[in-house]
Protein chains: 2
Amino acid sequence: MTPAFGRVAVLGLGQIGGSLMHAIRDSGLDVVGYDVDRGGAAAASASGFPVTSTDAGAVHGADLVILAMPLPQVRAALTSLAPYLAPDALLTDVGTLKAPVLAAVRELLPRANFVGGHPLAGIEQSGWAAADPLLFRDAPWTLTIEPGTDLDAWLRLAELVCDLGAKPVPSTAAEQDAAVARVIGLPHVLAEALALTGLAGGPLGLSLAAGSYLSGSRVARTRPDLVATWCDGNPPLVTALDDVIARLVSARDELAAARSVLDLAEAGHTARINWEHRRFEPVELPAAFGELCAHGRDGGWITAVLRDADGVRLLGMRPSD
Amino acid sequence: MTPAFGRVAVLGLGQIGGSLMHAIRDSGLDVVGYDVDRGGAAAASASGFPVTSTDAGAVHGADLVILAMPLPQVRAALTSLAPYLAPDALLTDVGTLKAPVLAAVRELLPRANFVGGHPLAGIEQSGWAAADPLLFRDAPWTLTIEPGTDLDAWLRLAELVCDLGAKPVPSTAAEQDAAVARVIGLPHVLAEALALTGLAGGPLGLSLAAGSYLSGSRVARTRPDLVATWCDGNPPLVTALDDVIARLVSARDELAAARSVLDLAEAGHTARINWEHRRFEPVELPAAFGELCAHGRDGGWITAVLRDADGVRLLGMRPSD
C-alpha cells in the first residue's frame, strides 16, 4: 500500500505537536518539525527528530502540513508559510475551535486544500516534555467537512488519523464548535469558577478540600491563556453558560426555600451514567458529504478507510440506541 | 499504653462504615458492626467481622459508638439506640454535615457524650464492597468542638483518628458546614449541572466529551440521594452558589461582548495552583477549646496526642505562609 503521505511537517512542537511527531514517525511516515520557540525545537532535536530552523524548510516538499501552534499564532503562521506551501499539499490543524481557523485559512490561503482537525486529547500539561506517542489512542478526532471540502484529501487524513489509533469524527466546523462549547468550553469555565469560589471561604475550607474539589477543578491547572483560546470567540458557549446558570439558579432557589437539590442530582446522575453506558454498532457508509456529516452529527465515527478496485469504502461505528 | 477504647460499635456498614470496621480492627481494637440492611450485615459477616442482628447488641458494652448511616437515618438510629447507650460511652458520627447531627443528638440524646466527625474520604462508589482499610490515610477528618464538648472525649477520638492515619481537624459544626458548602456541596452541584448541560447539545457532543467533561462530572456518578444529604439544609451553600453564579454570569457577559474568559481562567488557575503549593509547619498547641477552634479555622490539623506525667500535649501542622 502506498503511504498516505510522503512527508509530514508539524509546525508547533508543544504537547500535541510533539505527540504527533512521535506518533506519525511510529506509523512509518517521514516527519519534520518546526517551532518558532527555539526551546521547543531544541528539545525535539535532542529527542532525535529532524527539526528545521525555518517554517519554509519544514513546509518545503511536505504533502501534509499540520498547524499545531496555539490559535493566536495561526494567522501569523499561515502568512509566513504561504509562499512555501505546495499547491497540492494538504493543510490541517489540531486546534480546539474549528470556525476561526477555517475563516483564517479562507482569508489568507484561499486556494489551500484545508481540512480542519481537532484531536480530543491532551491533559493539563503542555510543552514538548509532555509529548506522548499514545496520546491519540482511542481519542475522538474531529475532521471538518464543508461544502467544497476535497473528499479525497479528507479520506487520506482520516486514514492517517485511524493509523494513529484515533477515531475520526466528521463534522462541519460550526457543528463541532457548538458541541465543543458544551463538552470543553463549559467544563473549563466551571472548573475555573469552582477553583476560585471553592476556596474563597477561608483556610478551613482549604484543609477540607478533597476528592470532589480536586476532580472538579482539575482542568484549572491548564495554562489560562490556552483555556481562553478554547472558550473565546465561540458564541455557542454563551448559550451553554445560560443553560448551566439557569440550572444552578434553580438549584439555589430550591435550597433557599429549604427544599432539595435531589431533582438536579438525579438528572445529572442519569445523564452521566447513561453516557457511560452508550452502546455502538458497526456500520458501512459511503464516502459522501451528506452521509459523513450525518454520521458525525448522529454520534458516529470512522474506524477504517478501505480502498479496493471498486473504490473507497468507509467503516464506522454509530450509537445503537 | 491503654487502648483508647475497649469496644467500638459501627452502626451502618456502607463504604465508610465498612472501611472503619477494617481500619479500626487493623489498629488493634475490638470492633462490632450492625446495619439495618441485612445485605450489608451479611457481607460484613462473610468478610469475617462480628456483626449483631440488633443495634442493641452492638451498642451494649461499647465505649465508642460510631453512627455511619446516611443522614436521613440518623434520627431513627438515635431513638432506637438510646436505651442501650452506656452513660459514659462516646458517640460520634461520620456524616458530611455536622449541624443537623448535632441538633438531632441534642434533641434526642441530650445527655450523650457526643463529638461529631467527618472523614473527608470516599469515592463515588458506595456499599460494603467499596470498603477500604486505607480509605482514611492522610484524609482530613473534622472533629467538632463546641462550648461544652468534653475535651477528654475529644482528645481520645482525635487519638483514634490519628491511629487510622487521618488528620483530625478541630472545628465547630457551623464553621465546618460553611467550609463544606464550598468544597463539597458546591463541587457536587456543579458536577451535576455539568453532567446534564454538557450533554444537552446532541449526539455529536456525546462523542466529543472527553477529559474535561469526565473529570468535571465525575462525582455525578455518586448516588443522587447521598449528594442531596450533603447539600440540603446547609444555608451556606446558597451563599456559595450565589458566589459561583455571579462569576459565571460575569464570564458569560464577557463572552457575549466578544471579550475573554481570561480573567476568570487566570484567577481560577492561580487559586488551584496556590492551593496545591501550600506549605505547612509543625506546631505544638494546648488542649483547650479556644486554641483548638482557632487552629482548625486557620487551616491546621492534629498529628499526635501525647500523654505524659505533665498531662496532654498536642502536636499539629498549620499553614506556614
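Colleague: Which residues of α7(A) meet α10(A) here?
Modeller: In this predicted model, A:Ile184, A:Gly185, A:His188, A:Val189 and A:Glu192 in α7(A) are in contact with A:Val227, A:Trp230 and A:Cys231 in α10(A).

Colleague: And what is that contact made of by class?
Modeller: Sorted by class, the contact of α7(A) with α10(A) has five nonpolar residues, two polar residues and one charged residue.

Colleague: At what angle do the two helices pack, and how far apart are their axes?
Modeller: Helix α7, residues 173-198 of chain A, and helix α10, residues 224-231 of chain A, pack at an angle of about 140°, and their axes are 9 Å apart.

Colleague: So what do we call that arrangement?
Modeller: Angles over 145 degrees would count as roughly antiparallel, and α7(A) and α10(A) are therefore described as oblique to each other. The crossing of these two helices is left-handed.

Colleague: Switching to the two chains, how many residues does each give to the contact?
Modeller: Chain A gives 89 residues to the contact and chain B gives 89 residues. On the side of chain A that touches chain B, the largest share comes from α7(A), with 20 residues. By class, that side of chain A has 55 nonpolar, 18 polar and 16 charged residues.

Colleague: Last topic, the strands: in which sense do β10(A) and β11(A) pair, parallel or antiparallel?
Modeller: Strand β10 (residues 301-308) and strand β11 (residues 311-319), both of chain A, pair in the antiparallel sense over seven bridges.

Technical notes
Residues numbered from 1 in each chain as written. Chains lettered and ligands numbered in written order. Predicted model: local features only at pLDDT ≥ 70, side-chain atom pairs only at ≥ 80, totals over all residues. Axes fitted to C-alpha atoms, helices over the stretch in contact; angles between N-to-C directions. Helix = DSSP H or I, 4+ residues; strand = E, 2+ residues; numbered from the N terminus. Parallel < 35°, antiparallel > 145°, perpendicular 65-115°, else oblique. Left-handed = near helix turned anticlockwise from the far one by under 90°. Contact = placed C-beta atoms within 7 Å. Nonpolar A, V, L, I, M, F, W, Y, C, P; charged D, E, K, R; others polar. Pairing = 2+ DSSP bridges.
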